[in-house]
Amino acid sequence: MNQKAPEYHEQVYQPEADTYLLLSSVKNEIRNGDMVLEVGTGSGIIAQACSERARCVATDVNPHACRMAHGMGVEVVRTDLYAGLKGPFDLIIFNPPYLPTAENERIDDWLEYALDGGMDGRAVIHQFASGLHRILHPYGRVLLLVSSLTGIQETRELFAEEGFLSFIVSEKTTEGERLVVFRITHDLCSLRG
Amino acid sequence: MKMETIEILCCPVCRGDLVLTSFKAVETEEGTTDIITGVLRCDACGINYPIAEGIPNLLPQEKKTDQ
């Protein structure tokens, strides 16, 4: 085991309430033998927990996050979402950048990539959903963290349009923000072509 | 990067298979091979994706013209 105490880099998103809510859902969902992908792993603490139970690979676009997660013993690939991965994965975990961000609010550093969800907060979630059929196993599950700031109903509709079912499996309210974890699966009964 | 991870990687541009060349690797306590430095090549695109400090970089790369 090459686990070390994490050394936080100022350009890496540090675990917050959303991280811990998602982590507890992951611990309920993960099965032995799952092939797991964590997209945008950040500090790597969720992927590290998964690696103890299953085969897990994590991605991030931020080089500092990649180094930090790798230092914690996580198998890391530097890529945009899951662009360089083939799949299929049984379990995909994603705590996306979900804060609505206007053009003039951008500061253009690595930490911002972890937060900036575009004008409506759903730009990166939309990109994630649009390629999901390629890498999610037919019976695979996604755990996605979303905030009320991002639009919970709008996110559900976004996945429905791509042919996925979503259920809320966990939630928490902090400082006027409602955080939920969606469990998303292929809608195998849908008539979508 | 673990040797077995090559099975689930693909070119981020064309989704084709990658060919691994290892420059520096270590054997882990679990008996697996960790690639520290190397290259993942997409023959279809003619692009080399570097592996450095044990981390493969599968961001789109500039194509280097051979001269």
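Predicted model: local features only at pLDDT ≥ 70, side-chain atom pairs only at ≥ 80, totals over all residues.
**Chain B, overall**

I started with the secondary structure of chain B and found four strands and zero helices. Read from the N terminus, the order is simply β-β-β-β. I then looked up the extent of the C-alpha trace, which spans about 40 × 25 × 15 Å along its principal axes. Chain B has 67 residues, and 37% of them count as buried. The exposed surface comes to about 4000 Å², with carbon and sulfur atoms supplying 50% of it.

I also checked contacts between residues at least 6 apart in the sequence of chain B: 31% of these join residues at least 24 apart. For charges, I noted 6 positive and 11 negative ones in chain B, and their mean positions sit 9 Å apart.

**B:L20 and B:L40**

Next I picked two leucines. B:L20 is in strand β1, which covers residues 19-27 of chain B, and B:L40 is in strand β2. Buried or partly exposed, I asked of B:L20? It is partly exposed, because its relative accessibility is 23% and buried would need under 20%. B:L40 is at 0%, so it counts as buried.

Then I listed who touches whom, leaving out residues up to four places away in sequence. B:L20 touches B:M1, B:M3, B:I6, B:I35, B:V39, B:L40 and B:I51. B:L40 has B:L20 on its own list, along with B:M1, B:I6, B:L9, B:L18, B:V19, B:I47, B:N48, B:Y49, B:I51, B:P56 and B:L58. I see B:M1, B:I6 and B:I51 turning up for B:L20 and again for B:L40.

I took one C-alpha distance for each leucine.

**Loop residues of chain B**

I moved on to B:T32, which is in the loop between β1 and β2 (33-42). Its relative accessible area is 29%, so I put it down as partly exposed. Apart from residues up to four places away in sequence, B:T32 touches B:V26 and B:E27. B:T32 and B:E4 are 28 residues apart in sequence, yet their C-alpha atoms are 8.6 Å apart.

Which residues have a positive phi without being glycine? I noted B:R15, with phi at about 70 degrees, and B:E53, at about 55 degrees. B:R15 is in the segment before β1, while B:E53 is in the loop between β3 (47-52) and β4 (55-56). B:R15 has a relative accessible area of 37%, so it is partly exposed. B:E53 also counts as partly exposed, because its relative accessibility is 49% and exposed would need over 50%.

In chain A I looked at helix α1, residues 17-29. It has 13 residues and reaches 19 Å from first C-alpha to last, close to the expected 18 Å. Its buried residues are A:D18, A:T19, A:L21, A:L22, A:L23, A:S25, A:V26 and A:E29. What covers them includes helix α2 (45-51) and strands β4 (89-94), β5 (136-147), β6 (164-174) and β7 (177-186) of chain A.

I kept a reminder here: an α-helix has 3.6 residues a turn, so residues three or four places apart point the same way.

I also flagged a peptide bond. From A:G87 to A:P88 it is cis, with omega near 0 degrees. A:P88 itself is in the loop between β3 (76-78) and β4 of chain A.

**Where the chains meet**

Last, I checked the contact between the two chains. How many residues does each chain bring? Chain A gives 21, and chain B gives 21. The area buried between them is about 1800 Å², and carbon and sulfur atoms give 53% of it. On the chain A side, I wrote down A:E75, A:R78 and A:K86, which supply 33% of the area that chain A buries against chain B, more than any other three residues.

Notes. Residues numbered from 1 in each chain as written. Chains lettered and ligands numbered in written order. Heavy atoms only, no water. Buried < 20%, exposed > 50% of the residue type's maximum accessible area, 1.4 Å probe, protein only. Contact = heavy atoms within 4.5 Å. Areas by Shrake-Rupley, 256 points an atom, 1.4 Å probe, with all protein chains shown as cover. Lys, Arg positive; Asp, Glu negative; His and termini not counted. Charge placed at Lys NZ, Arg CZ, Asp CG, Glu CD. Expected span 1.5 Å × (residues − 1). Buried area = accessible area lost by both parts, 1.4 Å probe.
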